[in-house]
Structure formats: structure tokens, C-alpha cells
Amino acid sequence: MKNKGSENRRAEPNFYRSIFLRLLSVFTILIFSPRNTHANPAPFLSFHDAVLYSGTDGLVGAVYKFANVSANIDAWVEIVSLEGGASLSDIDHFTAGYFKAWQPFVTAAPNDTSGINWKITFKKAGTTTDTVLSKVVVTAIDVDGDGVTLREFVEAVLPSTYAVGANCNLTISVNNGNLNAISPVTNQANIDTLVVLAMFQMKFMNISTILYRTGAISTKSTTDVRQSSLYFKAFFSDEIVLPISLTSFNAVASDATAKLNWETESELNCSDFTIERSTNGIEYTSLAKIKAAGTSPTKNSYSFTDNEPEPGNNYYRLLISDFDGSTTYSPVRLVNFKNKNSTDSNLMIVVSPNPFNSNLRVNCLYDKDCKIKCEIINSSGILIATEQRLTEKGNNQFYFDDLEDIPRGSYFVVITTDNNSKSFKIIKR
């Protein structure tokens, strides 16, 4: 108060009421404002001096270790897949851009959409033990084109928010929970954090692993080496909350029923969830609709019980609807109720395209972690290509991008798990 002598005067009841209402207002803003991004800032993570930890440099399965990205934290970066003919030129280029950012050099394929799927896992420093970080921010710098025929993109699975700068020229979309930003063909000189229109920031909450994708959409006839610059720090505070941040979705067998539960970190204008089921992973039917919270800055939990699942495979997904009519899908979850004729029926395989020309994608949907081997064999039983790795519960993808030189004809994709082996006939055009 301006008049110090007023401390000894008897305050009126309205004075105390006014102070109380002001404090209550401030408290409400601090708790419920979605733009209060500075209360618990994400730690700055410094990526530098990568070392090949396991696998073969530049190939699928290679793991690179970035030591001490923050106090007592290492980061392991794995090449999950090479898409559309992309290849790794340098895991972390540092003579241009920012030394503390992670800057892979990726060769983009001609006349195709190509890229690399990365898995970034945080570990307790000097160990193989995963650690959960409450908040991680990744800002892609210099997402631009070549000026004529190429556009760059970045994509990640299930961030909670994103942020962009003034006059952002990126096209941003949400696809099945993945957040994607694509540049125009316009080229921006140098790698510069002052060029905010070509920067894209994503925030992740309570994670030990980030699934990130970098790549290019090219119509040029030659390859092009592109430098990504992923800076693990926040540059923008004006965050945009995704219509829904789905932090978990699980489905498990319980006696003769399937119990589904899911949780959202936040919701914005979310109308409802439609639970859908399929027996083949392709054609789905609706089981029920559950009302969503609408707009909520807090966590919300939901559940549903399928009391009459089908014998064998049951694939579940959520159709998430917003009030404006837009929809997205959750990841698919598999629950198997074994019957007498099933051997390894909890394994679903989808091979595409078939017939194929040069690239082949094999999707393996499995209900547990296991080692899966994927082989391509010709009609004489000769092995053409193979890939083997420890896969995670859910959908895993194998990519074969260098099959243009094999002769036309019939081949077989053979999938081998701990329990069984399955084969599929494919045709090379």
C-alpha cells in the first residue's frame, strides 16, 4: 500500500475480500492456463560426439550413443528403418549449424518420398537402463526445400504440444497420432535460429523414448544430401495443444473378455471415442462410443470392456472425433483368444505392395516383445535378403529398398518368430 501509516488502521471487510479474489484469480491462471510453459521448463539437452554403440554404421539396427546429453543422462539413437531409398551419410555433422544440436546428414532418393525413422532412448548415464524424462522439447531448424524440386519434412509420434514462429511456412498435419511438418520448396540460406518461419518445435511429456522421422519429398532425378538440425531446446513459448494427446492405449484379455483402457494428457474440443474391432486388421466395425472430456488441460482416463470378443485375433483401435468433425485413429492393439486351430495366430503380417518393383514393406503386428526374422527367398529356396531384430509389442515394420535388380518372378516372404514360421507369396514385376 502506498500509505505505510495505513498498517495500523482497521481494514474494511471488502478490503480482505478484494485481496482474496485477486489471489484466487492468480492461482487459477497458474494452475489452468495451457500457455504457462515456463513454470517447469524442459531441460536443454546437448547432443555431440556420437559413437557407434552397436550394429553396422548407417544400416537398420545401428545404435549411436550420445554421452551426457544432460546431467547423468545418455541418449541412444537407433536407425529403425530406411524408407524410400534414403541412406545415412553422417550421423552427426558439426561443421555447419549448431554443435550442440543433433544434425544427421541423410541422402534423399530421387523421385520419391524418402527418410529415416529414428528411435531416441534416454538412459541413465553409463548404463543400459532407460530413464523417464518429465519433459523433452525438440526443435527442428531449417526445415526447407532446395528451391526447385525438393521439400523436407519432420514427423514424430504423439507429442503433447507443438509451437512455431511468426509467418511459419510449414504445412502441419496430424495423422494417426503422428505430428507432421512439411516445408515448401523454398530454400532458406544457412542453418539459422533467426529464420523462425522454417522452425518446428515439439514437446513430449513423461517419456523415455521418442520416435522421430526426418526425410524429403523429391521430384528431382538425382539424389540430394540433406542436413537436419534437431535442437533439443525450446525456442517458442506460445504452444499449441493438439486436439488430443493420447499418452496410452492398451487392450488385454481378461478371462473371456477384452479390457481396453486409455489415457489422455490433454484434450482440445474432443467430442468422443469410438471403439472399433476387426478380426483381420483391415475391416473394422464399431462396438461403442464413449463421450470425451471436450477441452481439458488435465489427464483423463477411459475404459471399455468387450464382453463378446471373437475367437482368434481381435484388433482394437479408437476413432477419435472432434467437435469440428475431424477424426484421427489411435494405434492398433491386438488381443488373441486362442482356438484349437491356431498356432501363432496372434501374429498378423501385411506385405505391400504386392506385386512390387523395387521397395517392399512388411508390417508385423504382434502382441508381445520377441525376436522376429524376416527373409525374402526365391522359388529355388535361395535367400535374397534378410533382417532380424528384437521387436516390440505392437506394429513393427521391415523395409527392403534395394530389390530393383532381382529378376522378375515369384518370391516368398518368410516370417519366423519364437513359436512359428509363416510365408507369403509375392510377385516381382
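1. Is Y162 buried or exposed? Y162 counts as buried because its relative accessibility is 15%; buried means under 20% relative accessible area, exposed over 50% and partly exposed in between, with a 1.4 Å probe and protein chains only.

2. On provenance: this is a predicted model, in which local features need pLDDT of at least 70 and side-chain atom pairs count only at pLDDT 80 or more, while totals for chains, interfaces and linings use all residues. Residues are numbered from 1 along each chain as its sequence is written, and side-chain values use heavy atoms, with hydrogens and water left out.

3. Aromatic pairs number 14 in the structure (rings of Phe, Tyr and Trp, the last by its six-membered ring, with centres within 6.5 Å; planes under 30 degrees apart are stacked, over 60 edge-to-face, the rest tilted). Y162 and F200 form a tilted pair, 5.6 Å centre to centre with 35° between the planes. Strands are DSSP runs of E, at least two residues long, and helices runs of H or I, at least four, numbered from the N terminus. F200 is buried at 0% relative accessible area.

4. F249 and W262 have ring centres 6.2 Å apart and planes at 80°, so this pair is edge-to-face. F249 belongs to strand β17 (residues 244-254) and W262 to strand β18 (residues 257-278). F249 is buried at 2% relative accessible area, and W262 is buried at 2%.

5. The largest nonpolar core has 39 residues, and F47, W102, F122, Y212 and F232 have the most contacts inside it. Such a core is a set of buried Ala, Val, Leu, Ile, Met, Phe, Trp, Tyr and Cys residues joined through side-chain atoms within 4.5 Å. The largest share of this core, 5 residues, comes from β3. Apart from it lies another core, of 21 residues, including Y366 and I415.

6. W102 is in contact (heavy atoms within 4.5 Å) with residues including F47, F66, W118 and F232, leaving aside neighbours within four places in sequence. Ring pairs link F47, F66, W102, W118 and F232 into a cluster.

7. Two charges sit over rings (NZ of Lys or CZ of Arg within 6 Å of the ring centre and within 35 degrees of the ring normal). K233 lies over the face of F44, 5.4 Å from the ring centre. R389 has its charged end over the ring of F398, 4.3 Å from the centre.
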